[in-house]
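Please read it alongside the sequence and the model.

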Amino acid sequence: MKTNFVMRWRRSLRAGAAVLVMLLLSQSAPGASDNDPLLAGMAPAEIMRLGENMYRNGTLPSGEPVQAVVQGDIPVAGTMFTCANCHMRSGVGSIEGTIITPPTNGAELYRPKKPGARHSEAQEQRRPAPFITPHDRPAYTDASLGHVLASGIDPAGSVLDPIMPRYLLEPRDLAILVHYLKNLSADLSPGVSEETLDFATIVAGDVDPADRDAMLMPLKLFIANRNARVPLFQGRKRTGIFAEEMDLSYRKLSLSVWELTGTPDTWRSQLEAYYRKKPVFAVLGGIAKGDWLPIHAFCNQNGIPCIMPSTDKPVLSEDNWYVLYLSRGPAQEGESAARFLHMRKDLAGDAGRIVQVYRDRGKGPVIARAFRETLLEMGLLPPREVVVKAGAPLDAGLLKGMGPGVVAALWLDADDLARMRFADKRSGPATILASGGMLGERLNAVPDQVRRSTYITYPYRLPKDRKATHQVVTTWLKQNRIPASNLRISADVYAMGSMLTDVFMHMKRNYYRDHFLDVFDMQRDQTYTVLNYPRLSFGPGQRYASKGCYLVQLTEGPAPELVPMTDWVAH
Amino acid sequence: MKRTPFAVIFSLTLLLVVGPAPASAASSANYKRTMERYSVPDVTLVNQDGKRVRLLDLVDGGKPVVLDFIYGTCTTICPVLSANFTNFQRKLGEGVGKVQLVSISIDPENDTPMVMKKYLKNYLARPGWDFLTGSREDIDRVMRAFSAYVPNKMSHYPIMFLRAPRGDQWVRIYGLIGTKDFLAEYEKVARP
């Protein structure tokens, strides 16, 4: 895979600076309608919108799906897959195993392509059957680009591999698509200059200073460490050692801290003001007291990537493209608990009833809602709800009142749980569910006498699997004199830093925001560098990296062990 | 001036649809075919309806079987593999129920029954095409059994397997093929 990456970049680099200058001179300004008579009278923004709808959603301006033929004889519709599935949203292309899908963005198409060094004999021998041999071609023009999409024949006369579908488009639709490609990732994104890449991080609301430091200090350290290596990379560039791999790392990173004050409804305008003052390429990390929603909306509406904020309140939405969350937050616990009950029908108890208890603020309502919705989805009965006002006293005899044989889901924190009176299994609930996310470090708030019938959602890596990574992260913090004021938060920043190092390397010169996310999406799963989760996984459009949650039981005593009763991911 | 090339292109596209197969049609040389013996592990996976399915029951159900490894957000490889399944089912027409198609997720974390159901719907899948997810451990066992193990989904490669009912040999197809080759391979398996 490495060789493939390198080869592609070698090729695109050979295109050289001279060509780039020519390109800049010859290319019409993005957004112009190119005087194509077929597009006469259409506003450039409208052409882009229609083109984007073809490229990303496979939908023609008429609303019908795009039609094409793949592999020579397989008819396909835009409802199955689209250009973006193969060339990615940014158009910079994709690499999966042995298959390289080349760039189809304006900057690359409208300049000549030279494959550069051919494979060595040995590489040729090992080359698997479906590997596509790159070939030279001159720069595309509007006409030759339209031609290749329909016929598969490029301006050099080469026939493209049949994996690239041949598209059946009316002349006007084809002209729209060509216009779109020409402007797709044609200019570098805001926040990118010759020397630097500008980022921001966000501290919103009345965040606990310890948590703020736990996020900010490791992030600043990552950036400082990286910038300290810039001279080294530049040196290598001059001497030619790993010149191509290092070529892009020379850009310095800058980090602005956007402090948002006041109530969350005022955050949006503060964000806009910061952005106007200094546009950034992306937001890294960040922490908020309260909902991430205002920041989520700002990032999605302005197309600004926001990478792995530290939040318990991610926005769960299918349309989210720009915010890459670490997890689905508390909802993941409710969903997993419901699936667990569905799998373990034996736990349902004689009464056949489920009751859930939670306070009307904090994580409780989020878990409760996800639990209820998932139960319904799985065809189970909805739970009875007992909602306690925040701050109001909790009826310690609550469980007695439910009667025996029920399933009691107690989405409560450790203080509340510790105050409760638990009957034994004969007169009390058949099964108790609790939230590891809410109990935090105090899982032992679950009394010994009910531990055998209690199952706790645990959306984290198990303590017994944390040791090695724990050692690495705490050592790193200690060496850099960063107090472990909140290890969970700092460890997430550490994991993000190690991913960013890879992502920057693979991005090369393509500083487009969509490509930044595309590269994150093409990452391999992360395990070793991640302290809090057994696995973070990625994929185009996957926006919640940690996707699992154990259900665990506790052994007896004040320092119980966690015994997993499910896999990390259980369907 | 500008209109001419587009007119030419449009007739070219028409040619592609109604005319003889153009030079670009998939040629058999594009894939590698071998015969293999595999022993399918006894694992229970979860299908697009959230139902538990014993893999052995599915592949030993007395029908010819076609099996591949895909995932919902995969680029380039899976779209082509799956479009192939779609068109194959369409060519089978009435006989679609006579063949069992099995797609096994190599991204079990993200491929929930809901994701898989939507995927099959997008590909106009008909009954007889099942998409299976499960625990990573079980999925790894299946990949290993078919000599198709990848530690990471991004190292995925295009591969597909066919087997006669109750046969003990699998045809392993490495590479991406078109419907003509697919049907030819299927005929060899179904009517040896």
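The model described here is predicted.

Strand β5 of chain B, residues 100-105, pairs with β6(B) in the parallel sense over four bridges. Within this pair, S103(B) stands opposite F131(B) of β6(B).

## Cysteines

Over all chains, the structure holds one disulfide. This disulfide joins C74(B) to C78(B), with an S to S distance of 2.2 Å. The link of C74(B) and C78(B) is right-handed, with 95° about the S-S bond. C74(B) counts as buried because its relative accessibility is 3%, and C78(B) counts as buried because its value is 1%.

C86(A) is in no disulfide: the nearest cysteine sulfur belongs to C83(A) and is 8.5 Å away. With a relative accessible area of 11%, C86(A) is buried. For C306(A), the closest cysteine sulfur is in C299(A) at 4.4 Å, which is too far for a bond. C306(A) is also counted as buried, at 0% relative accessibility.

| Residue | Relative accessibility | Class |
|---|---|---|
| C74(B) | 3% | buried |
| C78(B) | 1% | buried |
| C86(A) | 11% | buried |
| C306(A) | 0% | buried |

## An enclosed strand in chain A

Strand β18 of chain A, residues 550-554, has five of its five residues buried, so the strand is largely enclosed by the rest of the structure. Both of its faces are covered: Y550(A), V552(A) and L554(A) are buried on one side, and L551(A) and Q553(A) are buried on the other.

β18(A) pairs with strand β16 of chain A, residues 454-458, in the antiparallel sense over three bridges. In this pairing, Y550(A) of β18(A) is the bridge partner of Y458(A). β18(A) also pairs with strand β19 of chain A, residues 562-564, in the antiparallel sense and over three bridges. There, V563(A) of β19(A) is the bridge partner of Q553(A).

## Contact of chains A and B

The contact takes 63 residues from chain A and 60 residues from chain B. About 5000 Å² is buried between chain A and chain B, and carbon and sulfur atoms give 62% of this area. M80(A), E96(A) and H571(A) supply 16% of the area that chain A buries against chain B, more than any other three residues.

Three salt bridges are found across the interface of chain A and chain B. A salt bridge joins E109(B) and R535(A), with the closest N and O atoms 3.8 Å apart.

How values were computed
Residues are numbered from 1 along each chain as its sequence is written. Chains are lettered from A and ligands numbered from 1 in the order in which they are written. This is a predicted model: local features need pLDDT of at least 70, side-chain atom pairs count only at pLDDT 80 or more; totals for chains, interfaces and linings use all residues. Side-chain values use heavy atoms; hydrogens and water are left out. Two strands pair if DSSP finds at least two bridges between them. Helices (H or I, at least four residues) and strands (E, at least two) are DSSP runs, numbered from the N terminus. A disulfide is a pair of cysteine sulfur atoms within 2.5 Å. Buried means under 20% relative accessible area, exposed over 50%, partly exposed in between (1.4 Å probe, protein chains only). Contact means heavy atoms within 4.5 Å. Buried area is the accessible area (1.4 Å probe) that two parts lose on being put together, summed over both. A salt bridge is a side-chain nitrogen of Lys or Arg within 4 Å of a carboxyl oxygen of Asp or Glu.
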